[in-house]
Structure formats: structure tokens, C-alpha cells
Amino acid sequence: MSSAVHASVAGGVAWPASPSRAEWERRLLIAAAMAFVGAFLVLPLAFVLASALRNGFAAYVTALADPDALAALRLTLVVVAVAVPCNCVFGIAAAWAITRFDFRGKNALVTLIDLPLSVSPVIAGLVCVLVFGQRGWLGPSLEALDVQVIFAVPGIVLATTFVTVPFVARELIPVMQAQGRDQEEAALLLGASGWQMLRRVTLPGVRHGLVYGVILCTARAMGEFGAVSVVSGHIRGVTDTLPLHVEMLYNEYQFTAAFAVASLLVLAALLVVVVQSLFDRRRRAASPA
Amino acid sequence: MSIEFIGVTRRFGSVVALDRVDLVAHSGELTAVLGPSGSGKTSLLRIAAGLDPLEAGRILLHGADVTTMPGRERRVGFVFQHYALFAHMTVAANVAFGLDVRPRATRLPAAGIRARVRDLLAQVELDSLGDRYPHQLSGGQRQRVALARALATEPSVLLLDEPFGALDARVRKDLRRWLRTLHDELDITSLFVTHDQDEALEVADRVVVLNRGRIEQVGVAEELTRRPASPFVSEFLGDARRARPVDCVQCGCHMAEAGTALAAD
């Protein structure tokens, strides 16, 4: 998305004849954009960091070293480690099928991939409870097998995976469309197996889209609150992810601790943005297209 | 190695792209399939390569029935109209691809592959460009890389889909003479598809004229121009001198370049 914005901004606009007026308009627009970004993005983030450090760095570190906070961090990483690869595999398979073949239900599949974006995450969590919960469809059989999904780690992973389904597939579909079938057919006729074709031709050809998808998917999986909140059960140190833990601490008036944990998510988000822009720059340097 | 089409039929829904086509491309010959757009010529080539299915008929390569054999096992060289080079690989890696993907037991050692790539690049006169990426090359250079890549696995059959269609007029003329020379040097059976009458008549040993999925006439250039078998052949070959820009619009190739060619004629 951001690349499209870059392109349209860099596209070049022919300014009207009066240079002084044009210059003035340009400055006003830039100032408005900057003010907006400052008020709604930079200020809150700065506030989070400032609040976290209000009682000094030692208090900050103590808050982060709390066993429950560490457990929340660990659980969040586990969720990311499962949800992102799952959605990678699904996203690649779905994008490939959609861009390479015509089949019944293709349009339905395209629409369904977007569903998690249009449905409220709370509904997504609720659906999980209805299917896997004690009184849900699969509840009795899961209980017989002694598997607990809801109010346990599997449910959190499931809910997060559901919510992050669209990201990889959405990024890949347009780039795979642009890539076309030619290179794959050439690879096959040169004797490559299906797996060799995928690994050596298809995926390297769409690697930029894939990396973007993985970045967005990871960011969302770390930050998901609504769906996870419904299925988690909020068991401190067991089914608490970072966003849930922040809320819990905040509700208990432990503001410093809440903002300290929140700052982890902010730092993760900043890292994502930095990685993305580095990647963007390298990509622009690598190919003129 | 000969290529035989026996009663080959291909449909897209209710549209018949190929209607019981019987055709033999003889061993060692350079055969051109010539026809307007929509005549089914590219379908014919893709079926021979195993890229497209066929509703009826059989394909024989050197007498062996390959109708149900997947494309990757047919060992044919294929050159695509838009090159289909692997954009993220260097020229050398592109050419080496067919050798790299072989199972370990039959794969050449790395040094052997490098030497072979060097020879192939020399053969297509691109010795110094092995480290470049496809987007750094001109259209003519890309098409020669595509050819080198197709020849790397030493196929005995070479299939070319409008190989010069996306190139400008002058490069096209040079390349087609060069292709003819290359074909004569290699012991190979070539089948190439084109909508350009001059190209077919100048380069090919034999020309197959295709119209609406049926073969109108097969013969050497002289036969086709002296004794056209149908009004269509006569008109289509006559068009070579008159209305080429119009044909080119239909085929989607560069009209401006076709216009230049006409003016130059």
C-alpha cells in the first residue's frame, strides 16, 4: 500500500504558473499532513514511551521482568510463530490457485479471503467459541479427547490465524497476476518438478509481495486484541498475550507497567516499519521497474 | 526427430481452435506454421510441448506416442514470444536452469555446467553478458538468451512461438537469418509459429498455412506463392505485400514497427 502512495506522490505534478502561490499551497498541504501524522501517530506513541519511563528506567525494567509480562511475551511469540507460517502456506496456495486456474467457486474464495477483514474480530472469537467451546459443535468430542481449545493456547492461535488470513494472500494475488504463467511453463519444459518450479521460479519472482505480506501478518498477529480476548479467558501468565496483558494492567491502575508492556508492542511496530522501509529502499535500488 | 500431429482437436468451450489437424514436421527440417491471429497456431505448438490438453488426436515425437506425457518429460526446447526469462536470475543462471534442475544422478558437475553455459552464450553471441539481468538487455538479446536456455538441455525438438513477434523490424530480420544458420548447425527439428508471411517464406524449409484451426496448405515457399491451394492462401500471402499493418494490429504486435517495415519496402 505504501508503495502506491510513494508512486503517486513521486509521480510529479505540474504546478500552476504563479510560483509563489504554488509554493505557499505546497507548504500548507505538507504542514497539514505533518500535523495530522504528529497528532494522531507520533504523539500517542511518544506518550506511551514517556509514560512507561515516568518512574525511571529501573521501574520500567522491573515491569518488563515481571513473570506474567514475560509469559505474555512468550505466548505472543508462540502465536506469531504458528499463525504466520500457517497463513504463509495458505496465502501462497490460495494466491497461486486463484491466479493460475479457473475453477468453480473462485470468486467465492476471493471474497472469503477478505472476510476476516470485514468481520469484527470479536465475532471471529465468538465463532471459535461456538465451534470449539464446551457447548460448541466440537465441544463434546474435544472433551472426550481431553483437548482444550477455548481458554487455552490452541484457541488463541486459531483466533489469531483466522484474523490474519488475508494478509499474505492479498499481497500475493496482484503480484502473481502480474508475474503470469510464462516463467513457470518455461521452468517445467526445462525439466523442473512442480516443487522446483515453485521454489526457484514462482516464489523468488514474487518475493517482495511475500515479504510485505509476512510483515503485515506478523504485525497484526502480535497486536490482535478482540478475537483473542474472547477466546483467551484472561488467565494471567497462561493465556495472556501482550495486548491483553496491557489491558489487564491498565484496568488495575498499574499505569507504568501497562505502558511498559505497551512499549514492547510499539517497539515491535517501529521495527516492522523500519524493516519495511529498508526493504523498500533495497528493492528500489535493485530493480528500475 | 520428427513431430507428428494426428487428428489433433482442441476446443475452448464451443469454439474449435484446432479441427482434426494432421501434420508432420520432418526430422531436421525447419517448419513454419503461418496463419492469422486466432488460426490456432499457438495452440498447436503448446499441444506439441504438452502445455495444453487436447480433446482428440495424438502427438508423436520420433514415432513415440507422447500424447499423455507431461511437458517436463518430453524434452523439447520451447521459446516463448515474450521470452519468459526468469527475471530474478542472471543470464547465466537462466541458461543453466535446465541443467541445474536435473536429479543429482544425471546432473553435470558445477564446473561442467559453467563450461556449457559459456559455450551456449558464445553460440548466441552474448559471451560477455552472463552476469547481467534480463531487464538490462535489449529485446533481441533477451530472445537469444531464451534460445540459449532452451538449447542447454540439448533437445532434439525446438518449438518457437512467434519468436520475433515482439521485436522491431530490423532486429527481426537479422535474428531470423541467424536462426536459420543456427538451425543448420545443430541437428535439430524446429517448428516455429508466425503471423509474418515474409518471415515464414524466407526462413522455413516448409510452410504450413493454418486458418481457423484447419490446415489450408503445406509446401515449400515457391509452391505456396505459385500454386496457392485456396483463395485464403492466395489472399493471405498476397497480404504480405499490401496490408501488413492491418494484420499486425490484429495480432497485437507493434503496429508502428510494422508500418516502418512497410515504408522501407
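Reader: In which strand of chain B is Val218(B) found?

Author: Val218(B) belongs to strand 10 of chain B, residues 214-219. Helices (H or I, at least four residues) and strands (E, at least two) are DSSP runs, numbered from the N terminus. This is a predicted model, in which local features need pLDDT of at least 70, side-chain atom pairs count only at pLDDT 80 or more, and totals for chains, interfaces and linings use all residues. Residues are numbered from 1 along each chain as its sequence is written, while chains are lettered from A and ligands numbered from 1 in the order in which they are written.

Reader: And why does Val218(B) count as partly exposed?

Author: Val218(B) counts as partly exposed because it has 18 C-beta neighbours inside 10 Å. A residue is buried if 20 or more other C-beta atoms lie within 10 Å of its own, exposed if 12 or fewer, and partly exposed in between, with C-beta atoms placed from the backbone.

Reader: Which residues does Val218(B) touch, leaving out those up to four places away in sequence?

Author: Val218(B) touches Arg206(B) and Val208(B). Contact requires the C-beta atoms of two residues, placed from the backbone, to lie within 7 Å. By contrast, Gln136(B) is 82 residues from Val218(B) in sequence and 40 Å from it in space, C-alpha to C-alpha.

Reader: How many bridges pair strand 9 with strand 10 of chain B?

Author: Five bridges pair strand 9 (residues 206-211) with strand 10 of chain B, in the antiparallel sense. Pairing here requires DSSP to find at least two bridges between the strands. Val207(B) in this pair stands opposite Gly219(B) of strand 10 of chain B. The two strands form a hairpin with two residues between them, and Arg212(B) in the turn has a positive phi of about 50°.

Reader: Now the open sheet of chain B: what is its strand order?

Author: The order is 2-1-4-5 for these four strands of chain B, and the pairing is antiparallel. Strand 2 (15-25) and strand 5 (64-65) of chain B each have a single partner strand and stand at the edges, so one side of each lacks a neighbour in the sheet. Strand 1 (residues 3-12) and strand 4 (residues 56-61) of chain B are joined by five bridges, and Ile6(B) stands opposite Arg58(B) in strand 4.

Reader: What is the phi of Arg20(B), and of His62(B)?

Author: Arg20(B), which is not a glycine, has a positive phi of about 45°; this residue lies in strand 2 of chain B. For His62(B), also a residue other than glycine, phi is near 55°. His62(B) sits in the loop between strand 4 and strand 5 of chain B. Arg20(B) counts as partly exposed because it has 15 C-beta neighbours inside 10 Å, and His62(B) counts as partly exposed because it has 13.

Reader: Changing topic, how many helices does chain A have?

Author: Chain A has 15 helices and zero strands. Of its 289 residues, 32% count as buried.

Reader: Which residues of helix 6 of chain A are buried?

Author: They are Pro121(A), Ala124(A), Gly125(A), Cys128(A) and Phe132(A). Seen down the helix axis, they fall within an arc of 95°, so they line one face of helix 6 of chain A; the arc is that of the directions from the helix axis to the C-beta atoms. They pack against helix 5 (106-118), helix 7 (139-144), helix 8 (153-163) and helix 13 (226-232) of chain A.

Reader: Which domains are assigned to chain A?

Author: Domain 1 covers 18-52 and domain 2 covers 57-286 of chain A, with bounds that come from an automatic or database domain assignment. Their centres, taken over C-alpha atoms, are 31 Å apart. Five residues from domain 1 of chain A and eight residues from domain 2 of chain A make the contact.

Reader: Finally, how many residues of chain B are in contact with chain A?

Author: 18 residues of chain B are in contact with 17 residues of chain A. Helix 2 (71-74) and helix 3 (91-100) of chain B each supply at least two residues of the chain B side. That side divides into 10 nonpolar, six polar and two charged residues, where Ala, Val, Leu, Ile, Met, Phe, Trp, Tyr, Cys and Pro count as nonpolar, Asp, Glu, Lys and Arg as charged, and the others, Gly among them, as polar.
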